[in-house]
Structures are given as C-alpha cells and as structure tokens.
Amino acid sequence: MAQFDLPLAQLETYRPEREEPADFDAFWQETRDLSRGHGDAEFVRIETRMPHLVVEDVTFSGFAGHPIKGWMLRHPDAPVRGTVVQFIGYNGGRGVPEQWTLLPSAGYAHFIMDSRGQGSAGNAGATTDPIGSGPQHVGRLTSGITAPRDYYYRRLFADAVGAVAAARSHPAVDPAKVVVAGGSQGGGIALAAAGLCDGLAGVMADVPFLSHFRRAVQITDALPYLELATYLQSRRGEEDDVFRTLSYFDGVNFAARASAPALFSVALRDAVCPPSTVYAAYNAYAGTDKEMAVYPYNGHEGGQWVQTRRHLDFLERVLGS
C-alpha cells in the first residue's frame, strides 16, 4: 500500500469540523451513572510458571454491572512505579498472562481489559456480551448502530471506564499514576477512556481506530471500516442516522475532552486506520502535552517494537520512579 492519504504537511494541520451531538456529555453521564455501584472488582491470584510476577485474574463491573474479565500483572516485591490499563485490538481478547510480561518487568502494574463479545480471532477472550442487536454486518462496528443507546461501543467504552476504576481500586495502585493504552481499536478505546476519566497520568494511542468515521468510510476499503460501507449498501438512505449514532463514539470528540499527556502514533501507509483519521483526533486533543510518532513507510503494524520503546520512555516521563 502506497501513501494514499493527505501529505504529511497537510495532515499536521488537518482539523475537520467535529460532528458532535448536542447531548454528547449528557449521554455519557447517563451511561456512566448506569454503570456505577455494581460491586467491587475481584482480584484472584493464580499460579503460573512466572515466579517473579504476581498474576491476578480480574472480574469487574462494566456497563450496567455486566461482569468483565481482565488480567493484572505486577512484580511481587518492588513498589509499583505506575499502572497501565491496556485495551485490545479488534476481535481480540485478553489472551494469556504470559503475553503481558514486558511492563511488569519494567516495574509497572499492567491491567489488561478483556473486550466483551470479542476474542474469537487472535488472542482468546473470556467475556460475553449479554446484549444483542438488530441486523448488522459481520463484526462489531455495526452492532446496534440504529440507536446510540444500543450501539456496541457504548457498552465497551463504559467497560473501559470501569477498568480504570477497577485498576485504581487495587491496593498496590496509586490512583494518580494510571495510564490508558492501546493500539487500533485499543487506541480508540484509550481515547474514549481519556475523555471520560478524570486524573489520568497519560494516554498512549497507537494507530487509533474509531475516529472521524465519515472520512474513513470515504477513503478506505479496508476492514473494519468496510463493515460500515457494506451495511450502508443495503440500508440506502440511512446514512444520516448511522453517522449520528457514530458521532457519540467518535474519538475526535473524546480527544477534545482529554487533557492528560498523550503519545500517539500514525503510519502513513495505514489503510485500516487512515492517517487523516488519526490526525483528526490528535489535532483535536485538548491537552497541550502531546506527541505524534510518525512511521512513513509502515501500514497498520505501525512502529511495533520501536514504538514500544517510545512507550517506555513516555512512561518514565509521566510516571517517574
């Protein structure tokens, strides 16, 4: 895939008008209120062949009190330097704890949120979604899309808020030293959490999905955004209703409400999450302490381990010793 989006100089100033409903904040306040007060998170230590790490199987309350699974990993003896709440890419789940040893090895606690109803491709998941939806195209992007209150990502973003609260409730965690992170769908969830949670120490959003939907559908035929175009092929005349629903879940609107220090990344040959959609969120990001890592010759894989090393530098800066 050659570079297909705007030139970098234009991307750096790309700031489209936000499609934001007037009741955006009221909608999310209602959603958070519905999801509070359903019991404390449970952390159950499990045995592994990693004697130098504590691994806990987590169950916490997400949207409307639905039980959500996760992992929590940390060093058993050294004080926790800070905590990273991790969100997963499209169709992935929390996997197995052995996948998540890097950050605990660097002294951080790592809380990995399972994605409800996903985890059937790549990493396995352990959380069901008890709420169904009307007609949809395969995948999650059009699940419940006929109404904002029924849309799948309302539940998933509310789960993310619950994950931050659950991580902060752990006795080893300093609630003021929590960073949210993820790539692709996980990056989009991280932006939603950044806009909905107060007092975060940082945000790491790599090649984030779920931003500037209308632009994405216009310029890429790659999945998962292709799910939207395919859905609309048989739902002629419903475009306005679909994009109105999506406006409640657009990372651009969450970014405009986020203030924590942020590290983004973009890949200029990324057809899955086109660069202009990433820059739309980045340029709308309200916090002034923000940085974009640019990978001119990469696709959706982005910076991979090079970006991971940037993560460690960022965490050192925002969390300290």
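About 450 Å³ of space lies in the second largest pocket. Let me start there. A pocket, on a 1 Å grid over the protein atoms alone, is an open set of points with protein on both sides within 12 Å along at least five of seven lines; a cavity is a set of points where a 1.4 Å probe fits but cannot get out; and lining residues have an atom within 4 Å of a point. Grid points are joined across faces, edges and corners, and a volume is the space filled by probe spheres set on the points.

Two words on the source. This is a predicted model, where local features need pLDDT of at least 70 and side-chain atom pairs count only at pLDDT 80 or more, while totals for chains, interfaces and linings use all residues. Residues are numbered from 1 along each chain as its sequence is written, and side-chain values use heavy atoms, with hydrogens and water left out.

Back to that second pocket. It has 23 lining residues, and the closest to its centre are Ser-35, Arg-36, Val-161, Gly-162 and Ala-165. Helix H2 (24-35), strand E2 (54-61) and helix H4 (152-169) each give at least two lining residues. Helices here are DSSP runs of H or I with at least four residues, strands are runs of E with at least two, and both are numbered from the N terminus. H4 supplies the largest share, 8 residues. By class, the lining has 9 nonpolar, 9 polar and 5 charged residues. For the classes, Ala, Val, Leu, Ile, Met, Phe, Trp, Tyr, Cys and Pro are nonpolar, Asp, Glu, Lys and Arg are charged, and the others, Gly among them, are polar.

Stay with H4. How many of its 18 residues are buried? The count is 15, and H4 is mostly covered. Buried means under 20% relative accessible area, exposed over 50%, and partly exposed in between, with a 1.4 Å probe and protein chains only. The end C-alpha atoms of H4 are 26 Å apart, which agrees with the 26 Å that its 18 residues should span at 1.5 Å a residue. That expected span is 1.5 Å times one less than the number of residues.

Asn-123 sits in it, between strand E5 (109-113) and H4. Asn-123 is partly exposed, at 28% relative accessible area.

Next, the largest pocket. Its volume is about 1000 Å³. Of its 35 lining residues, Gln-86, Trp-100, Gly-183, Thr-308 and His-311 are the closest to the centre. Elements giving two or more residues are strand E4 (83-87), helix H3 (102-105), strand E6 (178-183), strand E7 (202-206) and H11. Which element gives the largest share of this lining? H11 does, with 5 residues. The lining has 14 nonpolar, 19 polar and 2 charged residues.

So to H11 itself. Helix H11 covers residues 304-319, 16 residues in total, and reaches 22 Å from its first C-alpha to its last, close to the 22 Å expected. Its buried residues are Gln-307, Thr-308, His-311, Phe-314, Leu-315, Val-318 and Leu-319. Seen down the axis, these buried residues fall within an arc of 115°, so they line one face of H11. The arc is taken over the directions from the helix axis to the C-beta atoms. An α-helix has 3.6 residues a turn, so residues three or four places apart point the same way. The face of H11 turned away from the buried side carries the exposed residues Trp-305, Arg-309 and Asp-313.

The largest cavity has a volume of about 130 Å³. Its lining counts 13 residues, with Glu-19, His-212, Phe-213, Arg-214 and Asp-250 closest to the centre. Helices H6 (213-219), H8 (239-247) and H9 (251-255) each give two or more residues. H8 gives the largest share, 3 residues. By class, 5 are nonpolar, 3 polar and 5 charged.

Some backbone points. The peptide bond from Leu-223 to Pro-224 is cis, with omega near 5°. Pro-224 lies in the loop between H6 and helix H7 (225-233). Val-207 is not glycine, yet its phi is positive, near 30°. Val-207 is in the loop between E7 and H6, and is buried at 6% relative accessible area. Ala-64 also has a positive phi, near 55°. Ala-64 lies between E2 and strand E3 (67-74), in a loop, and is partly exposed at 26%.

Last, the cysteines. The structure holds 0 disulfides, a disulfide being a pair of cysteine sulfur atoms within 2.5 Å. Cys-197 is buried at 10% relative accessible area, and Cys-273 is buried at 1%.
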